[in-house]
Amino acid sequence: MWYNRDVITILDFSREELEEVFETADDMLKYSHSRLDILKGKVMALAFFEPSTRTRLSFETAMIRLGGDVIGFSEVSTTSIAKGETLADTIRMLDSYADIIVIRHSIEGAAKFAAEIAESPVINAGDGTRHHPTQAMIDLYTIRRNFEDIDGLTIGVLGDLKYGRAATSFIYGVSLYNIKKLYLISPPLLSTRKEVRDHLKLRGIAFEEVERLDDVIEELDVLYVTRIQRERFPDPAEYEKVRGSYRVTPESLKKVKRDLIILHPLPRVDELHHEVDRTKHAKYFEQARYGVPVRMALLKLILAGDRV
Amino acid sequence: MWYNRDVITILDFSREELEEVFETADDMLKYSHSRLDILKGKVMALAFFEPSTRTRLSFETAMIRLGGDVIGFSEVSTTSIAKGETLADTIRMLDSYADIIVIRHSIEGAAKFAAEIAESPVINAGDGTRHHPTQAMIDLYTIRRNFEDIDGLTIGVLGDLKYGRAATSFIYGVSLYNIKKLYLISPPLLSTRKEVRDHLKLRGIAFEEVERLDDVIEELDVLYVTRIQRERFPDPAEYEKVRGSYRVTPESLKKVKRDLIILHPLPRVDELHHEVDRTKHAKYFEQARYGVPVRMALLKLILAGDRV
Amino acid sequence: MWYNRDVITILDFSREELEEVFETADDMLKYSHSRLDILKGKVMALAFFEPSTRTRLSFETAMIRLGGDVIGFSEVSTTSIAKGETLADTIRMLDSYADIIVIRHSIEGAAKFAAEIAESPVINAGDGTRHHPTQAMIDLYTIRRNFEDIDGLTIGVLGDLKYGRAATSFIYGVSLYNIKKLYLISPPLLSTRKEVRDHLKLRGIAFEEVERLDDVIEELDVLYVTRIQRERFPDPAEYEKVRGSYRVTPESLKKVKRDLIILHPLPRVDELHHEVDRTKHAKYFEQARYGVPVRMALLKLILAGDRV
């Protein structure tokens, strides 16, 4: 099902297909500090038009640990894009050198466009404000490792739900499961876009938009935290006013469920207090670690299929 | 003939030597999506003092596919050159780490200078305004793949023939063959330098300088297009006036030979219309693809000789 | 003794431990142009918060030649650090991907801090103004290759002894040996910090601070040259006045010992005249070459222990 396939949005996949990734990732966990030879002779091209550390380095590590190699660029200033080359021509070039292309771009739809041009499979490593499917897979995988089942959970997503692509991808990912309730927690200025809410309705997901974390935190099994950028607010004073409601501190956690897990796609700034790290709820470093095995699983399934 | 040799200009090589590269490239085409072990244990250092995507990534891919490894830098801001180190000291350093050095530099003669200092072989990946020998090899190889013979063809080179190093390298490369006629098509401001014309005379190449593509396009077997940078013109209005004469569009191609092939070293901006891509004349993406096998051939011949 | 250990300062190691590195480096010299499989499956993460060429590329080459792989960043602008991520979170990320972390940072103590956070071993590739332990190992190794013994030598260190981390690391390294005399040669403005002098006293090293190279050069067996940055002087005229006293030229070398060796961590600007390169005293290019075998030795000892 996965062989030679593009990965553009999390919604392109069924629960069964995601389960195949997760089971392969369970397998890959054993090898996340070795070097296999499964992808020997395969070259991955990174086309990172936007900066990234985690996503880029975990893709590189995943490819290396499977025996493959990596080329590409992680900023546009030293590339021919700076000379005015079109995205199409850049992708055609990478396509003729490499066996798979991993793209990050600020513009919505860039990954899909690249996939239409390239003969090699294309993986979206984040484009525009909505899609970052491999991050969503890592997020869901982390939940699956901590709970028996994603179905039946109450999940809160906190932060910038309008522009944050990790948050939106996660919401789309969650919509594939029969969760109990989804809380969308954000200031009104940064609330979920209408199309995302429409999608949730269509899927029959019980969701509610709220403005304060405090009002719902007791109910949550999973709290997914994302950053709110001060720059989003036309008036900085406005930001200072609401800021406290979107910070997770040891105090916020006084009345939570025993098994609550806190996720964050990272990097974080001050929306998630460092003292939370020491609580048993903090699962974001575990989540970061899964970046390698989940991406190994994807690369293996796409480039080698069921071959071992 | 090739073992341990520097590659500084295309004129350092005979037709027979180029033919050896081309035959090896034919061979390498079979492996341009695998990983051989021919260069296992060899390290290539990239010394890119000027930005590049295609040249850099295809050299990296070529080295990787032969089993070698790559180190180096692709911009000077994060290097000790930014601290004032001389080119000689930088080359000495790379020479002590690596087995081959690939250099790109804005200054004419930088590659030759590097070759004099380094014990390892040095490949010129473009320096100054005249030399880019591996690009010329790729260009000639593309012609050779499309026609039985380079001898006897009528070839036009369009664009900035004064400052464009790919164009000049190609002209030098073509001068090794018994072509029928060479048209140098450019605005007077950007016409071929006297030394290049003198070289063509010495070689007995029938060439003619013309100002308009339209006047000669019907005769051409090969049209090599390069970019004209607006910045070359002291008066932008002057540029706007001539611009149309140096753009290749579907209209330009109305009266061309059936087998005309169009080449371009890429990246292109608007000198080569995207609708030309769909015509059978467009061979520039094929040409870009040959970047890997031709560079594989060179690296193999220089670092491993006839060893397989 | 070395297996899985951090390398933070040269003072963390005994002479015996350094000797183990040097003997392993002797061994590695044989392989400094091959690829071993000792570290196959190991990934090294470079966390270079400050630019570097030599240190970075020789670490990369060392890892590659041992069969390992490299990920990481060599500037912060394209990383999540630019988004405000803490050093701790960045290190945690790299720790979960890689098997060893090599860090360079402008802030004193950054490497030690990283080592406290990471489970993987951490190597300090230069932090703050005092520590660059792997450079000191290379320096000492170069002396050891040129003299039978480091004990008993008279050593001069020239240049910026206040802010230059290579100079200070070298002084600390030298303090582990029973040298005859140590001359600290610098303008008063850039003389050795009190804590370093206190350390030398504690170790019972005979040292003397002098202002002019000429006064002591006849006595030296080893002259370690470092750069003086003009920017250190509040008044540029002041710099111009003293400058000549801290430049090594063929004239400076008229009355030196026959076996004097001159070292420099490189890059150099004009403190070490290019004509000195041709004298038999110049050992700085040899020293640069040892960057690979010494770092291979360290990586081997830390990641593979005594395993061969």
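Good morning. Chain C can be laid on chain A by a turn of 120° and a shift of 0.0 Å along the axis, with an RMSD of 0.0 Å. That is the relation of a three-fold axis. The copies are superposed by least squares on the C-alpha atoms of residues with pLDDT of at least 70 in both. In general, two copies of a chain are related by a rotation about an axis and a shift along it.

Before I continue, the conventions. This is a predicted model, in which local features need pLDDT of at least 70 and side-chain atom pairs count only at pLDDT 80 or more, whereas totals for chains, interfaces and linings use all residues. Residues are numbered from 1 along each chain as its sequence is written, chains are lettered from A and ligands numbered from 1 in the order in which they are written, and side-chain values use heavy atoms, with hydrogens and water left out.

To return to the axis: Chain C can be laid on chain A by that turn of 120°, and within chain C the C-alpha nearest the axis belongs to C:Asp69, at 5.6 Å from it. The copies use different surfaces, since 4% of the contact residues of chain C recur in chain A; contact here means heavy atoms within 4.5 Å.

I turn to the interface of chain C and chain A. On the side of chain C, 24 residues are in contact with 27 residues of chain A. The two chains bury about 2300 Å² between them, with 52% of it on carbon and sulfur atoms. Buried area is the accessible area, taken with a 1.4 Å probe, that two parts lose on being put together, summed over both.

How many salt bridges does the rule find across the interface of chain C and chain A? There are 5, a salt bridge being a side-chain nitrogen of Lys or Arg within 4 Å of a carboxyl oxygen of Asp or Glu. One of them joins the side chains of A:Arg35 and C:Asp69, at 2.4 Å from N to O. C:Asp69 is also the residue whose C-alpha is nearest the axis in chain C.

Which elements supply the side of chain C that touches chain A? Both β2 (69–73) and α3 (87–97) of chain C supply at least two residues each. The largest share, 6 residues, comes from α3(C). Helices (H or I, at least four residues) and strands (E, at least two) are DSSP runs, numbered from the N terminus. By class, this side of chain C has 8 nonpolar, 8 polar and 8 charged residues. Ala, Val, Leu, Ile, Met, Phe, Trp, Tyr, Cys and Pro count as nonpolar, Asp, Glu, Lys and Arg as charged, and the others, Gly among them, as polar.

Next, chain B and chain C. This contact takes 24 residues from chain B and 27 residues from chain C, and about 2300 Å² is buried between them. The count of salt bridges is 5, including one between B:Asp99 and C:Arg65, whose closest N and O atoms are 2.9 Å apart.

C:Met296 is found in helix α10 (residues 291–304) of chain C. Is C:Met296 buried or exposed? At 0% relative accessibility, C:Met296 counts as buried; buried means under 20% relative accessible area, exposed over 50%, and partly exposed in between, with a 1.4 Å probe and protein chains only.

Finally, the backbone. Most residues other than glycine have a negative phi, and most peptide bonds are trans. A cis peptide bond joins B:Leu266 and B:Pro267, with omega about 0°. B:Leu266, in the loop between β9 and α9 of chain B, has a positive phi of about 60° although it is not a glycine. At 8% relative accessibility, B:Leu266 counts as buried. In chain A, a cis peptide bond joins A:Leu266 and A:Pro267. C:Asn4, in the segment before α1 (15–29) of chain C, has a positive phi near 70°, and at 45% relative accessibility C:Asn4 counts as partly exposed. Thank you.
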